[in-house]
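Look over the sequence and the model first.

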Amino acid sequence: MQQRFDAYASDLGGVDRLSYAQRSLLEHCLFLQYWLNQQEQALATGSGEFDSGKYTQALNSLSGLIAKLGLHRIAREISLADVMASKSGTN
């Protein structure tokens, strides 16, 4: 979950640029994705009950949250010091 959070936050310009509301929406995105993945696995393996209505509602909710957060990557501003640190491995 942390890796997914970090990946989303990076796409949105970095966690330090996110508001509390954006971080909250992002956390909800992650849990909806987790739940959807569980439902998909249950459907694929035949283990457990699959409710297509709940699945569709969750998928639509996830889509709405992602639309609010944005679908496109946002460039982060970096300094020359950041670039040099990443090249030297001290980042």
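In this predicted model, helix α2 is followed by Gly46, whose phi is positive, near 75°. The helix itself covers residues 20-45.

**Helix α2**
- α2 has 26 residues and spans 38 Å from first C-alpha to last, close to the 38 Å expected at 1.5 Å a residue.
- Its buried residues are Leu26, Cys29, Leu30, Leu32, Gln33, Leu36, Gln39 and Ala42.

**Packing of α1 on α2**
- The two axes come within 10 Å and cross at roughly 130°.
- α1 and α2 are therefore oblique to each other.
- α1 passes α2 in a right-handed crossing.
- From α1, the contact uses Arg4, Phe5, Tyr8 and Ala9. From α2, it uses Arg23, Leu26, Glu27, Leu30, Gln33 and Asn37.
- By class, this contact has five nonpolar, two polar and three charged residues.

**Packing of α2 on α3**
- Here the axes come within 9 Å and cross at roughly 150°.
- Angles over 145 degrees count as roughly antiparallel, so α2 is roughly antiparallel to α3.
- The crossing of α2 and α3 is left-handed.
- α2 contributes Gln22, Leu25, Leu26, His28, Cys29, Leu32, Gln33, Trp35, Leu36, Gln39 and Glu40 to the contact.
- α3 contributes Lys54, Tyr55, Ala58, Leu59, Ser61, Leu62, Leu65, Ile66, Lys68 and Leu69.
- By class, the contact of α2 with α3 has 13 nonpolar, five polar and three charged residues.

How values were computed
Residues numbered from 1 in each chain as written. Predicted model: local features only at pLDDT ≥ 70, side-chain atom pairs only at ≥ 80, totals over all residues. Heavy atoms only, no water. Helix = DSSP H or I, 4+ residues; strand = E, 2+ residues; numbered from the N terminus. Expected span 1.5 Å × (residues − 1). Buried < 20%, exposed > 50% of the residue type's maximum accessible area, 1.4 Å probe, protein only. Axes fitted to C-alpha atoms, helices over the stretch in contact; angles between N-to-C directions. Parallel < 35°, antiparallel > 145°, perpendicular 65-115°, else oblique. Left-handed = near helix turned anticlockwise from the far one by under 90°. Contact = heavy atoms within 4.5 Å. Nonpolar A, V, L, I, M, F, W, Y, C, P; charged D, E, K, R; others polar.
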